[in-house]
Amino acid sequence: MPVTVQIGAKSVGEDHPCFIIAEAGSNHNQDKQLAKELIDVAAEAGADAVKFQTFSADKLYSKKAPRFTYLKDANVYELIKSIELPREWQQELADYARAKQIMFMSTPFDTEAVDQLDAIGVEAFKMASFELVDLELLAYTAQKQKPVIISTGMATLGDIEDALYAIRKTGNEQIILLHCNSLYPTPEHVVNLRAIETMKRAFQLPVGFSDHTLGTVIPTAAAARGAHVIEKHFTLDRQLAGPDHQFALEPDELKQMIAHIRTVESALGSGVKARAPEEAEMFHKARRSLVAARKIAAGTRITEEMVAVKRPGYGILPKYKKLVVGRVAQMDIDEDDILTWDMV
């Protein structure tokens with residue numbers, strides 16, 4: 001079975017509640033008050049962590065990078081520059097999140113970001129899918145000896161093996177993988193939720209799902225299929241300017257998704273097929289058992305015509321009908337009496 005990874009006070013893995021990351025990402029729009037409002041929303045919704053992204057356009061993209069269709073051919077460098085999280089905010093946002101009793105996280109995209117986040121006491125590092133192949137950055141992050149959560153959008157199992165090797169060389173075994181699709185938004189037919197189980201079997205690690213589909217159905221389904229972590233983008237308003245608002249959940253939707261995931265977890269149960277204690281009344285009153293089809297006088301040998309199968313269910317089970325037929329009634333039995341063994 002996959003191992004359990006400890007993130008602060010939260011245990012992540014089999015038989016533990018799904019760890020839910022509310023992904024604020026760059027949806028702060030370089031407005032500190034908006035960033036704090038996002039933290040408020042994530043905390044109120046019941047998320048375990050709220051996560052931002054710590055990147056620098058100068059370190060992330062070449063100024064000659066080609067344009068992306070989904071970004072409507074905007075200049076990538078300029079766009080990324082406009083949504084950078086001011087790094088001097090991070091301590092204040094982390095303190096604010098802790099005051100709201102929600103874990104603060106941010107995805108680092110360079111070594112300086114790793115050092116800064118480590119310095120403000122983040123409980124874990126979340127690495128983006130695109131950085132999966134930057135083995136030096138993964139190793140540098142893993143050297144902090146904190147849990148490393150890795151999104152695996154577009155990755156093969158071989159790509160993931162390379163990343164795991166780079167991390168484990170540092171002696172860090174606290175690793176969580178997230179199945180992911182690098183499309184914004186992701187069409188449902190591309191999602192491939194069965195990959196969650198494939199990754200669990202292949203790597204024997206906690207595996208979750210970083211979701212970019214529209215709505216709440218797919219992440220809820222991922223939780224039902226055993227995802228240990230759910231990460232989902234959210235925003236205050238999908239109409240706000242910025243690349244990630246349009247496919248993000250609004251506050252009520254985030255709250256609904258988390259409520260649905262918790263309901264699904266409650267419904268999953270132990271896997272043991274048995275009667276629940278709450279079913280006791282229905283078990284006794286609504287199942288069928290053997291009853292007298294007519295009056296039967298004491299001393300009468302019981303024939304098949306004298307026995308019917310009806311509700312309730314606290315009499316002799318119907319499967320024992322052949323054992324009852326041919327026996328002698330030990331007392332007067334009225335029509336519709338529920339037959340018990342002391343009667344025959």
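Is D336 buried, partly exposed or exposed? I began with this residue and found D336 partly exposed, at a relative accessible area of 41%, where buried means under 20% relative accessible area, exposed over 50% and partly exposed in between, with a 1.4 Å probe and protein chains only.

Before going on I noted that this is a predicted model, in which local features need pLDDT of at least 70 and side-chain atom pairs count only at pLDDT 80 or more, while totals for chains, interfaces and linings use all residues. Residues are numbered from 1 along each chain as its sequence is written, and side-chain values use heavy atoms, with hydrogens and water left out.

**Around D336.** I placed D336 in the segment after α12 (321-324), taking helices (H or I, at least four residues) and strands (E, at least two) as DSSP runs numbered from the N terminus. Leaving aside neighbours within four places in sequence, I found D336 in contact with V291, A292 and K310, contact meaning heavy atoms within 4.5 Å. I also looked up A308, which is 28 residues from D336 along the chain, and the C-alpha atoms of the two are separated by 8.5 Å.

**The sheet.** I then traced an open sheet of eight strands, with parallel pairing and the order β5-β4-β3-β10-β9-β8-β7-β6, where two strands pair if DSSP finds at least two bridges between them. Its edge strands are β5 (103-108) and β6 (125-127), each pairing on one side only. Neighbouring strands are turned by 25° against each other on average, direction ignored; axes here are lines fitted to C-alpha atoms, for helices over the stretch in contact, and angles run from 0 to 180 degrees between N-to-C directions.

I counted three bridges joining β6 to β7 in parallel, with K126 opposite I149 in β7. The chain passes from β6 through α6 to β7 in a right-handed β-α-β crossover, a term that applies if, with the strands pointing away from the viewer, the path from the first strand over the helix to the second runs clockwise. Helix α6 (residues 135-142) lies across β5, β6 and β7 (148-151) and runs at about 170° to β6. In β7, V148 and I150 point one way and I149 and S151 the other, and all are buried. Four bridges join β7 to β8, which run parallel, and V148 stands opposite I175 in β8.

**Strand β9.** I found five of the five residues of β9 (residues 207-211) buried: V207, F209 and D211 point one way, G208 and S210 the other. Strand β8 (residues 175-180) pairs with β9 in the parallel sense over four bridges, and L178 stands opposite G208. On the other pairing I looked up, β9 and β10 (residues 229-233) are parallel over three bridges, with F209 opposite I230. The chain crosses from β9 through helix α9 (residues 217-224) to β10, again in a right-handed crossover.

**Helices α9 and α10.** The contact is made by P219, T220, A223 and A224 of α9 and by M257, H260, I261, V264 and L268 of α10. Helix α10 also lies across β3 and β10, running at about 165° to β3.
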